[in-house]
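Have a look at the structure first, and then try each question before reading on.

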Amino acid sequence: MKLINLQVKNFRNIKQLTLNITKNINIIYGGNAQGKTSILEAIYLLGITKSFRVNDDRAIVNSGNEFYEVRGTFRKNLKNTFNIRLFFSINEGKHLFLEQKKVKTFSEMIGKVPVILLSLEDLELTYGSPSFRRKFIDILISQIDPLYLQALKQLIRILKNRNKLLSMIKEGGQKEEALIPWNLQLAEHASYVCLKRHEIIEEINPLIYHFYKNVSGRNEKIEIKYKSFFDVAALKEKEVIKTLYLKKLDEVKERDINYTTTTIGPHRDDLIFFKDDALIKIFGSQGENKTFLISLKFAEAVLMEKRIDEKPILLLDDIFSELDLTRIQKVVENIQQLQFQTFITTTNAEKFDSGLSDVGLWHVQNGQVHYEA
Ligand SMILES: Nc1ncnc2c1ncn2[C@@H]1O[C@H](COP(=O)(O)OP(=O)(O)OP(=O)(O)O)[C@@H](O)[C@H]1O
Ligand SMILES: [Mg+2]
């Protein structure tokens with residue numbers, strides 16, 4: 001997938017911007033607070049439909065204005081082009097258009113433009129709560145498997161209803177048996193989600209190991225472990241997981257009613273990051289954590305390409321802080337070799353002096369962008 005044209009209006013500090021993109025690697029450089037991350041945010045929005053920085057789109061609208069707009073022209077499989085337009089206004093909310101046609105549900109768009117982002121927010125992957133890690137794996141799998149996204153949406157709906165029902169049971173307004181149909185539905189979707197998470201983690205682990213070793217020059221065992229409410233790896237089959245989940249739901253029924261919430265399930269899953277069997281969160285240095293995150297994103301990109309037969313677009317926001325020159329050099333080499341269309345922001349473009357080819361250099365100043373080479 002290639003972004004060949006980007007147009008942005010009233011987006012953060014950018015009043016108006018048009019980029020014609022002809023190169024594979026695009027370095028967006030400039031001082032702090034000039035609009036670099038905002039450009040990545042605009043591209044990300046076209047792929048994921050939501051910002052990675054804020055939940056409320058009003059924060060994105062250039063202050064004093066009523067709306068923002070992002071338009072992108074993409075080229076798929078080196079031939080077919082298509083347009084996406086995203087429009088948000090404070091009064092009318094958010095609207096998406098694919099080839100001028102209004103998109104009814106935003107989830108339809110997920111996977112149309114596969115993107116992978118590495119930004120400051122990703123530090124939360126290591127140090128933040130489990131919800132960040134679930135979001136990470138959910139965005140990844142949703143982009144390669146529409147059924148997964150459907151299952152997730154169902155899970156949210158069922159959990160909401162089931163939790164309401166738990167309150168009613170606690171208050172005596174409903175019988176415990178009323179849980180049974182909800183449990184069945186819950187188990188159906190939960191088992192699919194768990195299985196997919198397990199499958200993807202198994203597939204991504206050797207890739208992370210490869211990239212980490214390449215960038216760090218050290219042969220360390222890098223691994224993500226999937227922590228679920230039972231050992232998914234040992235079960236492996238959807239029906240088996242489903243049966244066990246139903247049994248467990250029954251076992252914790254009293255607790256669920258008491259807390260009026262569903263206390264076990266994929267909505268409580270976590271991912272744990274290890275280096276040589278030690279938690280990266282606790283034992284990893286800053287550089288190691290950064291190396292891990294970069295390796296994770298490269299691994300994601302490779303996995304995604306394999307699954308959907310389309311190269312995702314890489315958005316790398318200021319990724320070189322905490323890395324020494326040797327590691328920076330290795331990361332740059334990987335970016336060159338992987339051949340994904342890549343957008344990299346940096347305050348210091350000299351870091352890229354190192355023999356990159358097919359590179360476009362964009363200078364950002366006060367919300368305006370100039371193409372330099
Ligand atoms: N809704 C908005 N309206 C106007 N300006 C905004 C809005 N939201 C953010 N900004 C400003 O836009 C500027 C650019 O932000 P951005 O995060 O893109 O900077 P950056 O170039 O990535 O900087 P850094 O190198 O510090 O990360 C900042 O000064 C920010 O405060
Ligand atoms: Mg920034």
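Q: By class, how many nonpolar, polar and charged residues does the shell around ligand 1 have?
A: This is a predicted model, and its shell can be sorted by residue class. Ligand 1 is surrounded by 17 residues, with Ala33, Lys36, Thr37, Ser38 and Ala59 the closest. The shell has four nonpolar, three charged and 10 polar residues.

Q: Which residue has a polar side-chain atom 2.6 Å from an oxygen atom of ligand 1?
A: Let's go through some polar contacts, for which the cut-off is 3.5 Å. Gln34 uses a backbone N or O atom, 3.1 Å from an oxygen atom of ligand 1. Arg53 has a polar side-chain atom 2.8 Å from an oxygen atom of the ligand. The side chain with the 2.6 Å distance belongs to Ser38.

Q: Is Gly30 buried or exposed?
A: UniProt, in an unreviewed entry, lists Gly30 among the residues of a "binding site". Gly30 sits in the loop between strand 3 (25–29) and helix 1 (36–48), and its contacts beyond four places in sequence include Thr346 and His363. Its relative accessible area is 4%, and under 20% counts as buried, so Gly30 is buried.

Q: What is the relative accessible area of Gly35?
A: Gly35 also lies in the loop between strand 3 and helix 1. Leaving aside neighbours within four places in sequence, Gly35 touches Asn13, Ile14 and Val364. Gly35 is buried, and its relative accessible area is 7%.

How values were computed: Residues numbered from 1 in each chain as written. Chains lettered and ligands numbered in written order. Predicted model: local features only at pLDDT ≥ 70, side-chain atom pairs only at ≥ 80, totals over all residues. Heavy atoms only, no water. Near = heavy atom within 4 Å. Polar contact = N/O pair within 3.5 Å; in protein donor to acceptor, adjacent residues only side chain to side chain. Nonpolar A, V, L, I, M, F, W, Y, C, P; charged D, E, K, R; others polar. UniProt positions renumbered as here; feature names shortened; annotations may be inferred. Helix = DSSP H or I, 4+ residues; strand = E, 2+ residues; numbered from the N terminus. Buried < 20%, exposed > 50% of the residue type's maximum accessible area, 1.4 Å probe, protein only. Contact = heavy atoms within 4.5 Å.
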